[in-house]
Amino acid sequence: MPGAKSENKVLDDVTSARPKVSAGRELSDNEKESDIHRQFREAHEGHKAHAGLDPSRASTGVVWTTERAYEHGFAENPKEWANLGQGAPEVEDDIEGCFERPHTINVSMTGREYGPTAGIKPLRKAVADLYNAHHRQGKESQYTWENVCIVPGGRAGLIRIAAVLGNAYLGFFIPDYTAYNEMLSLFRNFAAIPIPLSREDKYHISPAKIAEEIQRGTSVILTSNPRNPTGKMVSVAELAEIQDIARSHATLIMDEFYGGYNYTTDCDGSVLSSADNIQDVNKDDVLIIDGLTKRFRLPGWRVAWIVGPKEFIKAIGSCGSYLDGGTNVPFQEAAVPMLEPTSVRKEMKALQHHFRDKRDYLIGRLTDMGFELPYVPDSTFYLWLNLEKLPEQINDGLNFFQACLEEKVIVVPGIFFDLNPSRRRDLFDSPCHHFVRVSYGPRMDQLKKGLDGFERVLKKFDAFPGKQKKYASV
């Protein structure tokens with residue numbers, strides 16, 4: 001037909017539209033010659049010419065790094081490795097002051113049946129009671145079980161929320177949690193708007209930034225607080241100001257999974273939450289996501305919750321019938337007694353002391369290795385490590401990650417936290433390119449092993465300052 005493009009011409013046009021190299025700069029020789037860079041780029045090429053497999057949708061950053069570790073023998077001998085990439089806390093029972101986790105689960109007759117997709121009422125009530133005791137004391141508006149939906153993990157919770165949102169501009173911050181990227185790219189009922197945070201400002205989310213986004217039409221804001229991967233927290237006063245600005249103007253989706261890892265109140269067991277600043281639990285458009293995964297150190301249970309206005313919760317509970325089927329009932333039943341408010345406060349106090357000690361150990365080791373740390377994390381169990389001053393062969397996240405694999409250590413390249421769901425730009429223009437996220441979630445012996453591996457990497461590239469400080473055995 002006249003004017004019609006041949007099939008080959010169409011394919012050529014599609015191929016030429018794919019990002020090749022950065023429009024802002026040429027790739028360095030080091031990046032061009034790096035196997036790990038080439039492997040990453042090939043897995044994130046962009047749109048395909050047909051409806052086949054898109055490998056960039058197959059995994060989050062943590063899964064991708066673990067897959068590369070498997071290629072280096074991690075699956076065969078995991079005990080020989082130090083996994084400082086996995087976003088999970090140690091799950092053993094030997095943290096002083098913490099309660100012992102269940103070793104068996106009772107399966108009641110109710111537990112054999114399908115459960116309600118919004119979760120069982122006793123657990124929903126236990127969650128509401130916990131928030132009222134810790135965050136709503138003396139306030140007229142109180143949560144009830146109808147303000148809580150139980151979901152099978154944080155990702156499932158985010159997907160449920162995304163499924164019930166109307167058409168909207170959704171703002172998210174850079175850097176932030178890697179799984180947001182997949183969620184934001186799957187749903188077409190909202191346009192995802194990146195909000196870059198400044199390294200010079202220590203990745204601070206200010207009320208002025210929120211006001212600016214709302215003024216330009218952003219009606220949904222998604223963020224983690226405490227912050228993954230930077231280990232920073234929005235203060236109580238600023239969080240209250242942000243909620244005042246957003247009230248009646250925007251829906252806030254607050255990922256508070258790391259709320260227990262709070263070192264800003266001298267490890268007194270306090271958990272900072274946006275629930276403190278809500279005026280009316282059924283009118284303030286604030287959805288809080290948390291669960292047993294992080295602060296109760298039970299990632300394998302996949303029991304989490306969403307707390308918010310009844311109208312939202314009803315819709316979020318209902319959509320579980322076609323999205324995930326709901327959370328398994330026996331584990332929900334076993335979770336109920338764990339949420340007694342006084343026990344939880346005692347648990348959080350022990351948790352905070354333990355993880356602050358590990359944070360301080362990590363900071364000391366890295367400082368002695370010559371790393372310059374612009375701030376000390378005040379929450380979570382993550383450190384956002386800048387590699388720019390290292391030799392060129394290891395001064396970006398992917399190459400440092402590759403060098404660590406050779407020493408049986410896993411970290412997560414920072415590029416995964418630069419959420420880019422619409423692929424508007426080349427990934428290697430990322431402001432996160434020269435960073436890795438280091439987790440001090442694992443046991444202290446694993447943390448020490450991982451940092452010993454860091455030292456070997458630095459020595460291999462003649463970048464170790466030669467300090468001989470001896471560290472106590474752990």
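This is a predicted model: local features need pLDDT of at least 70, side-chain atom pairs count only at pLDDT 80 or more; totals for chains, interfaces and linings use all residues.

Reader: What sheet are they in, and in what order do the strands run?

Author: An open sheet of 3 strands, ordered β9-β12-β11, with antiparallel pairing. β9 and β11 (412–413) are the edge strands, each pairing on one side only.

Reader: Now the sheet with 7 strands. What's the order?

Author: β2-β8-β7-β6-β5-β3-β4. That sheet is open, and its pairing is mixed.

Reader: Which strands stand at the edges?

Author: β2 (148–151) and β4 (190–196). Each has a single partner strand, so one side of each is left without a neighbour in the sheet.

Reader: And the twist, what does it average?

Author: 20° from one strand to the next.

Reader: How do β6 and β7 run, parallel or antiparallel?

Author: Parallel. Strand β6 (residues 251–255) is joined to strand β7 (residues 286–291) by 4 bridges. Ile253 stands opposite Leu287 in β7.

Reader: What about helices on that sheet? Which strands does α7 touch?

Author: Helix α7 (residues 179–186) touches β3 (168–174), β4, β5 (220–224) and β6. Its direction makes about 160° with that of β5.

Reader: And where does α5 lie?

Author: Helix α5 (residues 121–135) lies across β2, β7 and β8 (304–307). It runs at about 120° to β2.

Reader: Switching to rings. How many aromatic pairs does a search of the whole structure find?

Author: 16 aromatic pairs. Take Phe355 and Phe381: their ring centres are 5.9 Å apart and their planes are at 35°, so that pair is tilted.

Reader: Where do Phe355 and Phe381 lie?

Author: Phe355 is in helix α12 (residues 341–368), and Phe381 is in the loop between α12 and β9 (382–386). So the pair ties together parts 26 residues apart in sequence.

Reader: Are those two buried or exposed?

Author: Phe355 is buried, at 0% relative accessibility. Phe381 is buried too, at 0%.

Reader: Next, Phe400 and Phe454. Stacked, tilted or edge-to-face?

Author: Edge-to-face, because the planes are at 80° and the cut-off for that class is over 60 degrees. The ring centres are 5.3 Å apart. Phe400 is in helix α13 (residues 397–406) and Phe454 in helix α14 (residues 444–460), 54 residues apart.

Reader: What does Phe454 contact, leaving aside its neighbours within four places in sequence?

Author: Leu366, Met369, Leu385, Phe400, Cys404, Val409, Val411 and Val438.

Reader: Which residues touch the most other members of the largest nonpolar core?

Author: Leu184, Trp305, Phe400 and Phe454, out of 133 residues in that core. α12 gives the most to this core, with 9 residues.

Reader: Last topic, charges over rings. What sits over Phe99?

Author: The charged end of Arg101, 3.9 Å from the ring centre. Likewise, Lys459 lies over the face of Phe464, at 5.0 Å from the ring centre.

Methods:
Residues are numbered from 1 along each chain as its sequence is written. Side-chain values use heavy atoms; hydrogens and water are left out. Rings of Phe, Tyr and Trp (its six-membered ring) pair if their centres lie within 6.5 Å; planes under 30 degrees apart count as stacked, over 60 as edge-to-face and the rest as tilted. Helices (H or I, at least four residues) and strands (E, at least two) are DSSP runs, numbered from the N terminus. Buried means under 20% relative accessible area, exposed over 50%, partly exposed in between (1.4 Å probe, protein chains only). A charge sits over a ring if NZ of Lys or CZ of Arg is within 6 Å of the ring centre and within 35 degrees of the ring normal. Two strands pair if DSSP finds at least two bridges between them. Axes are lines fitted to C-alpha atoms, for helices over the stretch in contact, and angles run from 0 to 180 degrees between N-to-C directions. Contact means heavy atoms within 4.5 Å. A nonpolar core is a set of buried Ala, Val, Leu, Ile, Met, Phe, Trp, Tyr and Cys residues joined through side-chain atoms within 4.5 Å.
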